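Hello,

Here is the structure I promised to pass on. Please open it first, then read my notes below.

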Amino acid sequence: MFFPTFRARRIRSKEVFRRMVRETSLSVDDLIYPMFSAFGKGIRKEISSMPGIYQQSIENIVEEAQELYELGVPAVILFGIPEKKDAVGSDAYSETGIIQETIRALKKQVPGLAVITDVCMCEYTDHGHCGIIKDGDVDNDSTLELLAKEALSHALAGADMVAPSDMMDGRVAAIREILDENGFNNIPVMSYAVKYASGYYGPFREAAESTPQFGDRRSYQMDPANRLEAVREAQMDVEEGADIIMVKPGLPYLDIVREMRNEFNLPVAVYNVSGEYSMIKAAGKMGWIDEDRVIMETMLSFKRAGADLILTYHAKEVAKLLHKGYEISRASRCGCP
Ligand code: PBG
Ligand code: ZN
């Protein structure tokens, strides 16, 4: 393809052409909105590093969930802030735990909205790690039992899908097994298959009050330098019965999203995490970027990389922009025509 016979700009010259040859699209159907459910009543506390995102008590969660449902967002993913934490994260698998109560309220009041639950221990343990501590580190196999119990308690409360985020080996199989034994063979597992030990989780740990009280998560979350290991991790989860595989964080790991898309014939999800959200919000507030435009461009980058689903704190804003007929290509506030 040589100039001047070929001119790349011809097909870009009119919006109608750009629309016709656009390769990637974004829809509200792609979005999953994370929510933080806090024990108590009348709570609506904004996360200081995540403007627009709140810790909320159940009645406020229900109200916001209704709004998401009306915007056409198909699903939320729930994180819990329990009344009490302990060494074994008891609230995580209690029948009357914060998440179990939230699921029941949501399924009763907004039944059309899919409720996905984050299955992990770190929000419920007093030490803030994602499992049981033995000899100063998280013990894999004893944690599996608790994760399985937690997933089952979510299903019993009415969850539509469970999403283990702990990074223990064998958790997908353990969860699949207990769900099947209890008649929940139709509840899908969305596995946080490839989850990196990332600095981008900082604001989330404020939101979920889940900062590890000693050490870090590098003995269970993945090394940011590794790509081949990501394929091995996901392979394990696929063989153990994962229905959807997730990559997390999103923007700094788009190459891994593409790797998953090429390697596996399963839906791929990407988690656009708290730090990614906070950076856009901060730059937007400073007037350094056109915030709406950057949000939409970021969403499109996930789809282009191969993601089918996007877990994002921007879900509400994105849904609203989509309903307004927002088009990336027309969003020029830079002065260009
Ligand atoms: C807990 C969990 C984390 C996130 C989702 N589930 C944080 C962590 O591993 O410390 C991060 C989400 C975000 O940053 O938005 N296992
Ligand atoms: Zn965790």
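Start with the side chain of Ser-274: one of its N or O atoms is 2.7 Å from an oxygen atom of ligand 1. The protein covers 100% of the 400 Å² of accessible area that ligand 1 has on its own. Keep in mind that this is a predicted model.

For Lys-195, the distance from an N or O atom to a ligand oxygen is 2.8 Å. For Gln-221, that distance is 2.8 Å.

Where does ligand 1 sit? It is in the largest cavity.

Now the metal. Ligand 2 is a zinc ion. Which protein residues are its donors? They are Cys-120, Cys-122 and Cys-130, each through its SG atom. These donors lie 2.2 to 2.3 Å from the zinc ion. Along the sequence, their spacing reads C-x1-C-x7-C.

Why is the arrangement around the zinc ion called tetrahedral? The four donor atoms subtend angles of 98 to 120 degrees, and that range makes it tetrahedral. To count as such, all angles among four donors must lie between 85 and 135 degrees. For comparison, the ideal angle for four tetrahedral donors is 109.5 degrees.

When you look through the model, take the ligand 1 site and then the zinc site.

Best wishes

Notes:
Residues are numbered from 1 along each chain as its sequence is written. Chains are lettered from A and ligands numbered from 1 in the order in which they are written. This is a predicted model: local features need pLDDT of at least 70, side-chain atom pairs count only at pLDDT 80 or more; totals for chains, interfaces and linings use all residues. Side-chain values use heavy atoms; hydrogens and water are left out. A polar contact is a pair of N or O atoms within 3.5 Å; within protein, one must be able to donate a hydrogen and the other to accept it, and residues adjacent in sequence count only if both atoms are side-chain atoms. Accessible areas come from the Shrake-Rupley method with a 1.4 Å probe; for residues, only the protein chains shown count as cover. On a 1 Å grid over the protein atoms alone, a cavity is a set of points where a 1.4 Å probe fits but cannot get out, and a pocket is an open set with protein on both sides within 12 Å along at least five of seven lines; lining residues have an atom within 4 Å of a point. A molecule sits in a cavity or pocket if more than half of its atoms lie within 2 Å of its grid points. Donors are N, O and S atoms within 2.8 Å of the metal (3.2 Å for Na, K and Ca); water is not among the atoms, so sites may look incomplete. Four donors count as tetrahedral if all angles lie between 85 and 135 degrees; four count as square planar and six as octahedral if opposite donors are over 155 degrees apart and all others between 65 and 115; anything else is irregular.
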